[in-house]
Amino acid sequence: LVTLDLCVLRAPEAKALFALLAQRTGLPRRQILVNFSHTHSGPILGSSDLDRYPMSQEERQATLGYTTRLFGQIAEVAKSALDDLKPATLAWGTGKCSFVRNRRLYDAKGAYRGMGPNPDKPVDDVVPVLRVRSPEGRLRALVFGCACHAVTFGSENLKLSGDYPSFAQEAIEADHPGVQAMFVQGCGADANSDPRCGPNAENSVRLQGRSLAAEVCRVAEGTLAPVRGPLQVKFREVDLPLKPVPPAAELKKMSGTLAHNAKRMLAALESGKPLPAYHRHPVALWQFGEDLTLVALSGEVVSGYVPLVKQAVGRDRLWVAGYSNEVDGYLPDAKIVAEGGYEARGLVADIGFYSADAERVLAKAVSEMAASISPRTTESGSSAEKKRGHP
């Protein structure tokens with residue numbers, strides 16, 4: 001598991017990063033999971049987004065150089081972690097986050113009308129916590145999550161920052177010297193931190209980080225459920241259906257958040273290039289014995305996928321992460337596809353708008369992945385793993 005305080009990773013850059021990680025660590029692709037905090041105050045990666053921003057040639061080269069250097073550092077960190085494996089005991093519990101707000105506003109008739117704090121609509125405010133201890137009981141790491149955009153700093157901010165997730169990690173590590181804190185972003189594409197932006201943003205982001213850290217530490221100090229092996233991992237790339245390409249006349253009328261896809265669709269139609277009917281979506285599932293299931297979805301996933309995945313997996317102890325493996329735009333559920341609005345704006349590096357049927361296809365794939373997990377035979381490992389020589 002690699003967690004990064006960065007915003008997005010498009011498919012071409014993801015392919016390069018995972019190839020390098022596999023080469024340096026010797027692990028197959030399916031055993032590597034990367035999650036992004038989605039801070040909006042971090043640098044961009046690779047070449048996929050360079051044309052979206054006004055950049056000089058020098059700045060473009062600096063971005064590419066930074067990406068190459070960063071990928072090398074990530075690979076070295078992963079290899080160092082594998083070279084320093086030690087026995088550990090795991091335990092899991094959950095808390096609540098107080099600053100997560102749904103951000104979709106509706107008019108009196110129930111139609112989407114824009115973005116702003118909406119306490120009347122649902123969010124995923126659960127804070128999952130995985131505690132890692134040495135066999136002697138010494139705290140070694142805390143892996144925790146929150147399903148909320150890391151946007152307490154707004155567009156007026158020009159400082160590099162990991163936003164509230166970084167401040168939470170720093171607070172945990174300051175209170176527990178020698179402990180590694182790792183943040184996993186959840187399905188918070190339709191949620192923002194509240195309050196956010198404005199002249200008090202820096203004070204707000206620090207307070208939010210500290211409050212999240214305090215909740216993580218409170219949970220970690222309590223009685224948690226043990227998490228045992230064997231660890232079984234599944235990985236699949238699922239073709240999620242896109243909407244049919246709208247007529248050219250309709251594309252020309254699209255504005256605002258829809259304009260990015262509309263312009264590229266028009267250009268493709270005029271040049272005779274085929275447009276995709278599907279988008280390939282990486283999905284990871286980690287099953288810890290019978291104790292915990294981690295499902296990691298790609299893209300900016302809305303909170304409606306949490307109950308969908310829970311129903312598909314059919315297990316109570318469930319951790320659903322978004323923003324994993326690669327991030328190429330929003331993944332709306334069928335309800336948001338029908339309503340429209342910002343989270344239905346579609347893909348960014350690829351082209352297209354998700355169909356309402358995407359949620360059914362993805363839920364079915366997750367259900368099949370969960371069903372393919374073999375039952376645990378012993379607390380220390382399955383018979384098949386023992387035959388392969390794995391502990």
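Predicted model: local features only at pLDDT ≥ 70, side-chain atom pairs only at ≥ 80, totals over all residues.
A search of the whole structure turns up 2 cavities of 30 Å³ or more. The largest cavity holds about 70 Å³ of space. Its lining is made of 13 residues, and those closest to the centre are His279, His281, Gly299, Asp328 and Tyr354. Two or more lining residues are given by each of two elements, strand E12 (278–288) and strand E16 (330–331). The largest share belongs to E12, with 4 residues.

Turning to the aromatic side chains, the whole structure contains 5 aromatic pairs. One of them joins Tyr106 and Tyr112, whose ring centres are 6.4 Å apart; the planes meet at 85°, so the pair is edge-to-face. Tyr106 is buried, since its relative accessible area of 16% falls under the 20% cut-off. Tyr112, at 21% relative accessibility, counts as partly exposed. The ring of Tyr106 also has a charged neighbour, as Lys121 lies over its face at 4.9 Å from the ring centre.

Tyr330 and Tyr342 form an aromatic pair that is likewise edge-to-face, with 5.6 Å from centre to centre and 85° between the planes. Tyr330 belongs to strand E16, whereas Tyr342 sits in the loop between helix H8 (334–339) and helix H9 (358–371), so this contact ties together parts that are 12 residues apart in sequence. Tyr330 is buried, with 5% relative accessibility, while Tyr342 is partly exposed at 25%. Strand E16, which carries Tyr330, is also one of the elements that give two or more residues to the lining of the largest cavity.

Further ring pairs link Phe99, Phe144, Tyr164 and Phe183 into a cluster. Elsewhere, the charged end of Arg29 is placed over the ring of Phe18, 3.5 Å from the centre of that ring.

Technical notes:
Residues numbered from 1 in each chain as written. Heavy atoms only, no water. 1 Å grid on protein atoms, 1.4 Å probe; cavity = no way out; pocket = protein on both sides within 12 Å on 5 of 7 lines; lining within 4 Å. Points joined across faces, edges and corners; volume = space filled by probe spheres on them. Phe/Tyr/Trp six-rings, centres within 6.5 Å; stacked < 30°, edge-to-face > 60°. Buried < 20%, exposed > 50% of the residue type's maximum accessible area, 1.4 Å probe, protein only. Lys NZ or Arg CZ within 6 Å of the ring centre and 35° of its normal.
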